[in-house]
Amino acid sequence: MLNETLKVINSRRSIRKYKGEQITGAELQEILKAALYAPSARNQQAWHFSVVQNKALMGKIQKIMKENMLNSGDDFSVERASAPGFIAFHNAPTVIFISADEKAGKTEIDCGIAAENISLAAESLNIGSCILTSSEHLFARDKDGALKKELGFLDGYRHVCSVVLGYKDCENPPAAPRKDDLITYL
Ligand SMILES: Cc1cc2nc3c(=O)[nH]c(=O)nc-3n(C[C@H](O)[C@H](O)[C@H](O)COP(=O)(O)O)c2cc1C
């Protein structure tokens with residue numbers, strides 16, 4: 001009954017501690033293929049995937065993200081970014097930004113499914129991942145869209161979420177608690 005797909009779904013966790021070593025190009029390609037094979041409303045595929053692995057660009061976005069979190073006025077984000085040793089994007093060696101056409105509908109759902117496909121494909125390769133929407137902080141001061149452009153977002157596309165990836169520097173943590181009254185059988 002418990003086939004490989006179900007095992008991967010059950011074992012995936014949000015990973016927040018990564019080794020410095022980069023994932024291989026072949027692994028990245030398989031993971032991106034899984035993103036592109038996600039379903040989307042009316043098969044619109046109104047999404048775009050920006051892969052950051054370059055160390056200089058990674059350092060830049062980690063710095064901007066931390067500054068913006070500290071200046072966000074949001075207690076949770078300020079506390080996170082103030083923690084000793086905090087490095088944005090969980091210091092993962094790969095970050096995939098998922099952006100979507102502002103004019104298309106249902107893109108939050110489409111991009112969320114693509115993000116989960118990325119996470120499950122990663123877990124199937126024993127690669128850690130974490131989906132982030134807090135990456136929206138990165139663009140808090142990007143009024144002219146220069147950073148979005150630098151990250152390869154297409155014109156008229158907005159940030160939806162990101163997924164960080166890398167080899168795990170920890171065991172998979174126990175499953176975060178799940179509520180047990182969320183299904184009604186009729
Ligand atoms: C839409 C979405 C946004 C999330 N944003 C963040 C985030 O910004 N930072 C983070 O560390 N985890 C983030 N997570 C991970 C959740 O905290 C995590 O999925 C949840 O606690 C359950 O844990 P699990 O993924 O290990 O099952 C996000 C997850 C989702 C689905």
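Trainee: In which strand is Asp101 found?

Mentor: Asp101 is found in strand β2, which covers residues 94-101. Keep in mind that this is a predicted model.

Trainee: Is Asp101 buried or exposed?

Mentor: Buried means under 20% relative accessible area. Asp101 has a relative accessible area of 18%, so Asp101 is buried.

Trainee: What does Asp101 touch, and what lies 2.9 Å from its side chain?

Mentor: Take the polar partner and the contacts separately. A polar atom of the Asp101 side chain lies 2.9 Å from the backbone nitrogen of Lys103. Leaving out residues up to four places away in sequence, Asp101 touches Ala46, Thr107, Gly156 and Tyr157.

Trainee: Where is Asn54, and which backbone nitrogen lies 3.0 Å from a polar atom of its side chain?

Mentor: Asn54 sits in the loop between β1 and α3, the latter spanning residues 55-70. The backbone nitrogen in question belongs to Ala56. Asn54 has a relative accessible area of 48%, so Asn54 counts as partly exposed.

Trainee: Helix α3 comes next. Is Asn68 buried or exposed there?

Mentor: Asn68, in helix α3, has a relative accessible area of 4%, so Asn68 is buried. Not counting residues up to four places away in sequence, Asn68 touches His137, Leu138, Phe139, Ala140 and Arg141.

Trainee: And what about Leu70?

Mentor: Leu70 is also placed in helix α3. The relative accessible area of Leu70 is 36%, so Leu70 is partly exposed. Its contacts, with neighbours within four places in sequence left aside, are Val78, Ala81 and Ser82.

Trainee: How should I read a positive phi?

Mentor: Start from the general rule. Most residues other than glycine have a negative phi. In this structure, Gln45 has a phi near 50°, which is positive in a residue other than glycine. Asn126 is another case, with phi near 60°.

Trainee: Where do Gln45 and Asn126 lie?

Mentor: Gln45 lies in the loop between α2 (25-36) and β1 (47-52). Asn126 is found in the loop between α5 (107-124) and β3 (128-132). As for accessibility, Gln45 is partly exposed at 39%, while Asn126 counts as exposed at 52%.

Trainee: Now the aromatic rings. How many aromatic pairs are there?

Mentor: For aromatic pairs, look at the distance between ring centres and the angle between ring planes. Planes under 30 degrees apart count as stacked, over 60 as edge-to-face and the rest as tilted. The count here comes to 5 aromatic pairs. In one of them, the rings of Trp47 and Phe49 have centres 5.7 Å apart and planes at 55°, so this pair is tilted. Trp47 and Phe49 are both buried.

Trainee: How do the rings of Phe89 and Phe97 pair?

Mentor: Their centres are 5.8 Å apart and their planes stand at 80°, so Phe89 and Phe97 form an edge-to-face pair. Phe89 and Phe97 are buried. Together with Phe139 and Phe153, Phe89 and Phe97 form one aromatic cluster.

Trainee: Which side chains have an N or O atom 2.8 Å or 2.9 Å from an oxygen atom of the ligand?

Mentor: An N or O atom in the Arg16 side chain is 2.8 Å from a ligand oxygen. For the Arg178 side chain, the corresponding distance to an oxygen atom of the ligand is 2.9 Å. Ile131 contributes through its backbone, where an N or O atom lies 3.0 Å from a nitrogen atom of the ligand.

Trainee: How much of the ligand does the protein bury?

Mentor: The ligand exposes 620 Å² when taken alone, and the protein buries 64% of that.

Note on methods. Residues are numbered from 1 along each chain as its sequence is written. This is a predicted model: local features need pLDDT of at least 70, side-chain atom pairs count only at pLDDT 80 or more; totals for chains, interfaces and linings use all residues. Side-chain values use heavy atoms; hydrogens and water are left out. A polar contact is a pair of N or O atoms within 3.5 Å; within protein, one must be able to donate a hydrogen and the other to accept it, and residues adjacent in sequence count only if both atoms are side-chain atoms. Accessible areas come from the Shrake-Rupley method with a 1.4 Å probe; for residues, only the protein chains shown count as cover. Rings of Phe, Tyr and Trp (its six-membered ring) pair if their centres lie within 6.5 Å; planes under 30 degrees apart count as stacked, over 60 as edge-to-face and the rest as tilted. Buried means under 20% relative accessible area, exposed over 50%, partly exposed in between (1.4 Å probe, protein chains only). Helices (H or I, at least four residues) and strands (E, at least two) are DSSP runs, numbered from the N terminus. Contact means heavy atoms within 4.5 Å.
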